[in-house]
Amino acid sequence: MALITLSNAHLAYGHVPLLDGAALSLEAGERVAVIGRNGAGKSSMLKILAGLEKPDDGILQLQGGLTRVYVAQEPLFAPGVSVFDAVSEGVAQARALRERFERHTEGHEPAAGQPAEDLDDLMTRLEALGGWTWEQRVDEALQRLHLDGAALVEDLSGGTRKRVALAQALVAAPDLLLLDEPTNHLDIDSIEWLQELLVGRRGALVLVSHDRAFIDAVATRIVELDRGQLRSYPGSFSVFEATKAKELENEALASARADKMLAQEEVWIRKGVEARRTRSVGRVARLLALRQQRQQRRDQLGRVRLELDAGLPPGKIVAELKHVSMRFDDRTLIKDFSATILRGDKVGLIGPNGTGKTTLLKLILGELQPTSGSVRQGTRLQVAYFDQMRGALDLSATLVDTISPGSEWIEVGNSRKHVMSYLGDFLFSPERAHSPVRTLSGGERNRVLLARLFALPANVLVLDEPTNDLDIDTLELLEELLQTYAGTVFLVSHDRRFLDNVATSTIAWEGDPAFGGHPGLWREYEGGYEDWKVQRERARPAATAAAPAAPGKPEAKAPAAKAVAPRAKLSYKEQRELEGLPLRIEALEAEQAQIDGLLADSALYAESPQRVPALQARHAAIETELTQALERWEVLAAR
């Protein structure tokens, strides 16, 4: 029997049907991800499954004794409550039963008119709920989520409050866990820890999320809420994307043969979804081209480095940082960091909350002065901030007035667009153009902010967590806009897929001692999140192998001398080697890709089987050479 079944559910707010005969069934152990556009009704449906709201019509059936816990997007806590007490609310029933048991065993008489406690029944229920060890469960959750039990919840940041709510839900160990945007406000390390915990958890799970990498790692089934209907797709998000693309293709063919007098909104929705989905291949190709162009610019800049002041056109460099360090009191946030940011770069910043991403951005843009080192800004910089515009929405204004007050046209770069067409690019239908902003959902308001941001004349965009509350269609649209944007982008995000699809380079915090880091260590890498992760994993064995070797040395001074040696200035030969390494790595990767193509071709085994061993040996040798070249590049670049 299914744990929970929703049948023929209807729910509407005003004239907008969120659920229109929707049906959903959940089996034990399933992990279901609910996706859909902003305002489609995902959170409302999750509250119906949690028993917090009721549908206008329909039936919700539960398995007997089913326990459910719901974690909202923005969890609320009582004022003055400590973190320990807030998390303990997840085991409130077990806690109350044990207090009753302890009162009875200590000889307390029951209150007047109350029957005596049945000790056998109390002990049985305590065993079932794990009530004897509820403190240990709370302490373990606090430790694993890096929470201070003595702190007051009201003093915590939004991300930490979200971790408190997750800890409260996890200690309850419910049969069904319902999570609404669980990755919002969490850093990448916390997201990866959460996904491992959810995958290893025994109970069922329903989550609403737009984090594609998170969904791919956690979900066993995708449920899409589209125009009031729920459509189920077994498998991961990658499987869903392929299946959905085929469905949309068939739907487009059917629509073309159908009545041409369909309502304009229906046509727009169908075409809008199709357009977002069918451009993914183009986005990937464009990203690869951007990264290649960026590397070529870096190589060219390196060859004319001595002539920068005389011959480089104004505005070519956005910022140049040399041996920059930043300290606040006794805490080092940035230490000896050097980088050159060029016009058109798409730079992702990766690091846990509190490591100094915002501080580094302010140094790059000249809003802060470093403790040591130098920062040189480029000329004619026009900077627009996504986070600074969050409070700039007039809720009573219409979408048209918000995007283009007093005009029907918008100047975007060298082109001129009508405001209706521009709103269509951000997935707003013409019928909604004159709706007030207050009628929009949280994700739709963020979409309006992005539309306003891109309409501003700016050659540098600073986007601080732009993906929060945005649906997957809008994320893909934003990825495309950022790739085609001619200016420079600084992107602070914990959405790994988004970073991979946008960033041409990544500046990552690497102060974790487990990876051989030290406080304030930041490094720059070509590519996005996965590129950084691969290179970090390759460097980790060398760092861990070097750590135990130091104590075995009889001389205490020798390791210190070796540690400072790489700080020496590169020789001419080493400088030439550093400049040539990117081309060497590119050539090795191209040769390896060519060999992969040959080995994947069945004709090789039929026509020239004698070549196979040599090609396989060369493939393995290239892998070794690539590892050595990347390690050498990292060593020289760090100096």
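Helices (H or I, at least four residues) and strands (E, at least two) are DSSP runs, numbered from the N terminus. The model is predicted, and local features need pLDDT of at least 70, side-chain atom pairs count only at pLDDT 80 or more, and totals for chains, interfaces and linings use all residues. Residues are numbered from 1 along each chain as its sequence is written, and side-chain values use heavy atoms, with hydrogens and water left out.

**View 1. An open sheet of three strands, in the order E2-E1-E4, has antiparallel pairing.** Two strands pair if DSSP finds at least two bridges between them. Strand E2 (16–26) and strand E4 (57–62) are the edge strands, each pairing on one side only. Five bridges join strand E1 (residues 4–13) to E4, and leucine 6 has leucine 60 in E4 as its bridge partner.

**View 2. Helix H1 (residues 42–50) lies across E1, E2 and E4.** Contact means heavy atoms within 4.5 Å. The helix runs at about 135° to E1; axes are lines fitted to C-alpha atoms, for helices over the stretch in contact, and angles run from 0 to 180 degrees between N-to-C directions.

**View 3. Tyr233, Phe237 and Phe240 are linked into a cluster by ring pairs.** Rings of Phe, Tyr and Trp (its six-membered ring) pair if their centres lie within 6.5 Å; planes under 30 degrees apart count as stacked, over 60 as edge-to-face and the rest as tilted. Phenylalanine 237 and phenylalanine 240 form a tilted pair, 5.5 Å centre to centre with 40° between the planes. Because these two residues are three apart in helix H9 (residues 237–257), about one helical turn separates them.
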